[in-house]
Amino acid sequence: MRERNQNITASYSGRGKLIALVIIFLLACPGVFALKPDSTHRERSHYSLAVGIGWSHYINSMVTVSTRDVQKDFIGTSLRFLWEPPHRLSLGLETGFYRQYRVHLKLSDEYTMDSRMYLVPLLLVVRMRIVDQFYLSVAPGLTLQYSTLSGVGDKESSTQLSLANFQVCASYFYPVSKLFLIGGEARLFYIGLTEDYMYSFHVVCAVKL
């Protein structure tokens, strides 16, 4: 038991150091990139709204279920609202809807088991413009996990709240007009409650408000 507690403590400590290093990197980047030419030094709108859709993949951490019985690839959506002052850092909120996994097992000739997990994150986004239309962001926050289980007896569902979650995202946007941008995002999401990871690639449309 003592060894297990030490491992858990070491795991959380390692993740805490990683998050701290990412935040320090983002705060230090403005000085690093200050000498590079930037073609986006112009007045921008104070707010923006971005909607994304794309492929998400769950990194399977289940030890009692065969990998072939776990469906891990789904379509996910994201919605982000940002305050964008005319400097490199922006602040905002992000949510979305993701299917984490689906497990479908045949228990016998008469019975099957179907288990599904859904995610709805609520994240505080800190985004930094690196150069031109390329951005990096970090986003800690909450995640609502909704699960269903059916196949044996009555259908059951449960909801649980994960508090320690963290997302890292890289974005590129191309302006198609003064108000509209289109681009792509790659993100890695850590779910603290179940100690799981997901990554996704989204096509994103943004509008300046």
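**Strand pairing and a cavity in a predicted model**

Me: What makes β7 and β8 a pair of strands?

Reply: Pairing requires at least two bridges between the strands. β7 and β8 are joined by 11 bridges and run antiparallel, so they count as paired. One of the bridge partners is L181 in β8, which belongs with P175.

Me: How do you know that β6 and β7 pair as well?

Reply: Strand β6 (residues 134–150) and strand β7 (residues 156–175) share 15 bridges in the antiparallel sense. The requirement is at least two, and therefore these strands pair. Within them, T143 lies opposite S162 of β7. The two strands form a hairpin with five residues between them, and G151 in the turn has a positive phi of about 120°.

Me: Why is the second largest cavity included in the count of cavities of 30 Å³ or more?

Reply: A cavity is a space where a 1.4 Å probe fits but cannot get out. The second largest cavity holds about 100 Å³, and the cut-off is 30 Å³ or more. The count under this rule is two cavities.

Me: Which elements give two or more residues to the lining of the second largest cavity?

Reply: They are β4 (89–106), β5 (112–131), β8 (180–191) and β9 (196–208). The lining residues include E94, L119, R187 and M198.

Definitions and conventions:
Residues numbered from 1 in each chain as written. Predicted model: local features only at pLDDT ≥ 70, side-chain atom pairs only at ≥ 80, totals over all residues. Heavy atoms only, no water. 1 Å grid on protein atoms, 1.4 Å probe; cavity = no way out; pocket = protein on both sides within 12 Å on 5 of 7 lines; lining within 4 Å. Points joined across faces, edges and corners; volume = space filled by probe spheres on them. Helix = DSSP H or I, 4+ residues; strand = E, 2+ residues; numbered from the N terminus.
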